[in-house]
Amino acid sequence: MARLEVPVQLRWSDMDAYGHVNNVEMLRLLEEARIEAFWSHPVGADGTRPDGAWPTAVLDASPGSGLATLVARQEIEYVRPLAYRRAPVVVEMWIGHLGGASLDVCYEVLDAPAAADTTAPYARAVTTLVLVDVGTGAPQRIAAEQRAAWEAFVEEPVRLRRRR
C-alpha cells in the first residue's frame, strides 16, 4: 500500500465566517496537492528531474502541451472542521482506479504526523481526471510512462458515506 503524502500550506483567506477552512477552499487544497504530485517539474539541463520531484509527476501541463487534464467528477466528504493554523496539512493521495484515459485520485486530508491529535481525517474525497488531447478535445489514453509511474499507487478506492 503506497500513498503520496503532500504537505499543503493553509492560507488565512481559506477561512470562512465560522473560523474553519471553507468547503470550496478544501477542494483547492486537493487541487494544490494533485498538481504537485502529478504535474511534471522542469527537467534540468542534464536531463534530470529536480530534487523533491514526485515519482508520479509525469503529466506535462506546460503552456503549449498537447495534453490537458480535465476534472470529470469530484466528490468530497467533510469529516470534521479544519481550523486555520500555520503548520501545513498533509493530503494523502492514492489512485483508486486507473482506466484507459481516466484515473480516480483518492484523498484524505490529515494533520502532519508530528501534530496528529487524532487519526480521523478532516475530509475524504475522490476526483476523476480525464486526459484529453488539446487539439481534438478527445480523451487521450494514459501513456506507458504515466501508467508505470502511477501503478505503484493504485489501491482500493476511498470509501465515502452514502445517504440511505
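View 1. Serine 65 is buried, at a relative accessible area of 14% (buried means under 20%, exposed over 50%, partly exposed in between, with a 1.4 Å probe and protein chains only). This is a predicted model, in which local features need pLDDT of at least 70 and side-chain atom pairs count only at pLDDT 80 or more, while totals for chains, interfaces and linings use all residues. Residues are numbered from 1 along each chain as its sequence is written, and side-chain values use heavy atoms, leaving out hydrogens and water. You will find serine 65 in the loop between helix H1 (23-38) and strand S2 (67-78); helices (H or I, at least four residues) and strands (E, at least two) are DSSP runs numbered from the N terminus.

**View 2. Surroundings of the serine 65 side chain.** A polar atom of this side chain lies 2.8 Å from the backbone oxygen of aspartate 60. The side chain of serine 65 also reaches the backbone nitrogen of leucine 67, at 3.1 Å. Leaving aside residues up to four places away in sequence, serine 65 touches Asp60 and Val134 (contact means heavy atoms within 4.5 Å).

**View 3. The open sheet.** Five strands line up in the order S1-S3-S4-S5-S2, with antiparallel pairing (two strands pair if DSSP finds at least two bridges between them). Strand S1 (4-8) and S2 stand at the edges with a single partner strand each, so one side of each has no neighbour in the sheet.

**View 4. S2 beside S5.** S2 and strand S5 (residues 123-133) run antiparallel, joined by eleven bridges. Look for valine 71, whose bridge partner in S5 is leucine 129.

Note on methods
Polar contact = N/O pair within 3.5 Å; in protein donor to acceptor, adjacent residues only side chain to side chain.
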